[in-house]
Amino acid sequence: MTTSFSLTPKELTILKRGRNAGGGSSTRKRGPKRLHSKKSDGGCSDASIYQDSTAFEALIGYTYITDKKRCMDMFCWIKTQLEEEENDGNNQ
């Protein structure tokens, strides 16, 4: 079992840029307006979750366009991780 999926430096750059991080001093909020008024139970804002999912979407799009085999490898790894997590949850 592979416990991690290493990203290339270019993929890390795509992930970082795709995160839509404006943050900091900017008064402009990113993402849908409905995300800025709530906090989720885990302490992360819904806007943060939105940024993470946007980054993931950018990474998938980039790998699909540039290297379909790597994209499919990534999906297979994610599927394996989700199945293992589900199995661990069912065994407890």
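A nonpolar patch, as used here, is made of residues with over 30% relative accessible area and no salt bridge, whose nonpolar side chains are joined within 5 Å. The structure to which the exercises refer is a predicted model.

**Exercise 1.** Determine which residues form the nonpolar patch on the surface, and which elements give two or more residues to it.

*Solution.* The patch consists of Tyr-64, Ile-65, Met-72 and Phe-75, which together have about 430 Å² of accessible area. The elements that contribute two or more residues to this patch are α2 and α3. Taking one member, Tyr-64 lies in helix α2, and because its relative accessibility is 42%, Tyr-64 counts as partly exposed.

**Exercise 2.** Decide whether Cys-71 is buried or exposed, and find what Cys-71 touches beyond residues up to four places away in sequence.

*Solution.* Begin with the location, which is helix α3, spanning residues 68-91. The relative accessible area of Cys-71 is 0%, so Cys-71 is buried, the cut-off for that class being under 20%. Leaving aside residues up to four places away in sequence, Cys-71 touches Ile-60, Thr-63 and Tyr-64. For Ile-60, the separation from Cys-71 is 11 residues in sequence and 6.6 Å in space, taken from C-alpha to C-alpha.

**Exercise 3.** Describe the span of helix α2 and state what its buried residues are covered by.

*Solution.* Helix α2 comprises 21 residues, 46-66, and reaches 30 Å from its first C-alpha to its last, which is close to the 30 Å expected at 1.5 Å a residue. Its buried residues include Leu-59, Ile-60 and Thr-63, and the cover over the buried residues of α2 includes α1 (9-18) and α3.

Technical notes
Residues numbered from 1 in each chain as written. Predicted model: local features only at pLDDT ≥ 70, side-chain atom pairs only at ≥ 80, totals over all residues. Heavy atoms only, no water. Helix = DSSP H or I, 4+ residues; strand = E, 2+ residues; numbered from the N terminus. Buried < 20%, exposed > 50% of the residue type's maximum accessible area, 1.4 Å probe, protein only. Contact = heavy atoms within 4.5 Å. Expected span 1.5 Å × (residues − 1). Patch = residues over 30% accessible without salt bridge, like charges linked within 9 Å, V, L, I, M, F, W, Y side chains within 5 Å. Areas by Shrake-Rupley, 256 points an atom, 1.4 Å probe, with all protein chains shown as cover. Salt bridge = Lys/Arg side-chain N within 4 Å of Asp/Glu carboxyl O.
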